[in-house]
Amino acid sequence: MNFPKNTQPLATLVLGGNGKTGRKVAERLSKLNVPVRIGSRSGNPRFDWMEESTWRPALKGMDAVYVTFQPDLTIPEAQPLIEAFARTAVQSGIKKLVFLSGRGEKEAQMCESLIINCGAPWTIVRCSWFNQNLSESFLVEPIQSGVVALPVGNVGEPFVDTDDVADVVVAALTEQGHDGQVYELTGPRLLTYAQVVGEIAQATGRDIRFIQVTPEEYAEELKAAQVPPEFIDLILHLFTEVMDGRNASLTDGVQRALGRQPKDFSTFVTETVGTGVWKG
Ligand SMILES: NC(=O)c1ccc[n+]([C@@H]2O[C@H](COP(=O)([O-])OP(=O)(O)OC[C@H]3O[C@@H](n4cnc5c(N)ncnc54)[C@H](OP(=O)(O)O)[C@@H]3O)[C@@H](O)[C@H]2O)c1
């Protein structure tokens, strides 16, 4: 489907603008000559989710916001902070909010409803697990070490690429016709973690094994790696609750928003091998 472009570019505050999706959104908007401001603790002006006094200066002069919440939508603070932020954004004259959400997470869906009811036009981009958790996040080290031990079994997840996420977000910010849409994004294939690790092992030519462990064993492993306790709880919650098979289905969100198929996992693997991030 072809959506008409916005007549005026919306100066956009990109929260988490140096993160997995925000970085790509900011790059794409800048290439389209859309004015962009990075919203993060190292941004100028600084934006910190945990410090409300930083919000208004970051919103000043902006028309739109790409809302990504850190560290994760499942923490108890997420809902009150997102509700307060959306209110402040509307008071500051924001005309459009695009919200990054998580698929099959009840806490994330509660946060979506706060955005939907904030009074400004919105688009929800509700995503399955990112491919980039394997290349830019907590799964890089296990892959480098050659043993990926996780508390998850034979459950298929339709990993989605952050290139697709960023393309949908940019479409929602620069084109008409995306207001009021909930785009549920998945990749084109269901993959178990054993298959994911198998594909990476084959592409890198390395011996990388996947092992299923208990949640208790995984928690011990994270503790030994000095992961802060609050993050251990968060990661365990995601693996034990969200990876229970509820997301083991494909959606047409990328096709609906962009009129094309999502990127396949194998393409991501081929591109990522070239970066060297998975070397032993
Ligand atoms: N990973 C997945 O598979 C997945 C799937 C669906 C949904 N989600 C959702 O995606 C969201 C995260 O988005 P993302 O992965 O694109 O971002 P991300 O990579 O987690 O963003 C990281 C950046 O956020 C900034 N940041 C960290 N804490 C902050 C704070 N307190 N205030 C302001 N900025 C802060 C940091 O920059 P500074 O150091 O400069 O502050 C950091 O570089 C989460 O809400 C998660 O629930 C994730």
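**Figure 1. Strand β4 is covered on both faces.** The view is taken from a predicted model. β4 spans residues 96–102, and seven of its seven residues are buried.

Figure 2. Strand β3 (residues 64–67) runs parallel to β4, and four bridges join the two. Within this pairing, V67 has F99 of β4 as its bridge partner. Between β3 and β4 the chain passes through helix α3 (residues 78–91), a β-α-β crossover that is right-handed. The pairing of β4 with strand β5 (residues 122–127) is also parallel and counts six bridges. Here L97 is set opposite W122 of β5. Helix α4 (residues 106–116) belongs with β4 and β5 to a β-α-β unit, which is right-handed.

**Figure 3. Helix α1 packs its buried residues against three strands and a helix.** Helix α1 covers residues 22–31, and its buried residues are G22, K24, V25, A26 and L29. An α-helix has 3.6 residues a turn, so residues three or four places apart point the same way. The elements that the buried residues of α1 pack against are β1 (12–15), β2 (36–39), β3 and α6. Just after the helix, N33 has a positive phi of about 65°.

**Figure 4. Strands β1 and β2 run parallel.** The two strands are joined by four bridges. In this pairing T12 lies opposite V36 of β2. Together with α1, β1 and β2 form a β-α-β unit of right-handed sense.

**Figure 5. The largest nonpolar core holds 56 residues.** The members that touch the most other members are V65, V67, L97, I115, V125, V168 and V169. The element that gives the most to this core is helix α6 (residues 162–174), which supplies eight residues. Another core, of 13 residues, lies apart from it and includes L134, Y193, V196 and Y218. In soluble globular proteins, nonpolar side chains tend to be buried together.

Figure 6. Once neighbours within four places in sequence are left aside, the contacts of V125 include V98, F99, L100 and S101. V165, V168, V169, Y183 and L185 are also in contact with V125.

**Figure 7. Y183 is buried in strand β7.** The strand comprises residues 181–185, Y183 among them. Y183 counts as buried because 25 other C-beta atoms lie within 10 Å, where 20 or more are required. From Y183 to L29 the C-alpha to C-alpha separation is 19 Å, and the two residues are 154 residues apart in sequence.

**Figure 8. The ligand is surrounded by 24 residues.** The closest of these are G19, T21, S40, R41 and S42. Sorted by class, the shell around the ligand consists of nine nonpolar, 11 polar and four charged residues.

Notes
Residues are numbered from 1 along each chain as its sequence is written. This is a predicted model: local features need pLDDT of at least 70, side-chain atom pairs count only at pLDDT 80 or more; totals for chains, interfaces and linings use all residues. A residue is near a molecule or strand if its C-beta atom, placed from the backbone, lies within 6 Å of it. Ala, Val, Leu, Ile, Met, Phe, Trp, Tyr, Cys and Pro count as nonpolar, Asp, Glu, Lys and Arg as charged, and the others, Gly among them, as polar. A nonpolar core is a set of buried Ala, Val, Leu, Ile, Met, Phe, Trp, Tyr and Cys residues joined through C-beta atoms within 7 Å. A residue is buried if 20 or more other C-beta atoms lie within 10 Å of its own, exposed if 12 or fewer, and partly exposed in between; C-beta atoms are placed from the backbone. Two residues are in contact if their C-beta atoms, placed from the backbone, lie within 7 Å. Two strands pair if DSSP finds at least two bridges between them. A crossover is right-handed if, with the strands pointing away from the viewer, the path from the first strand over the helix to the second runs clockwise.
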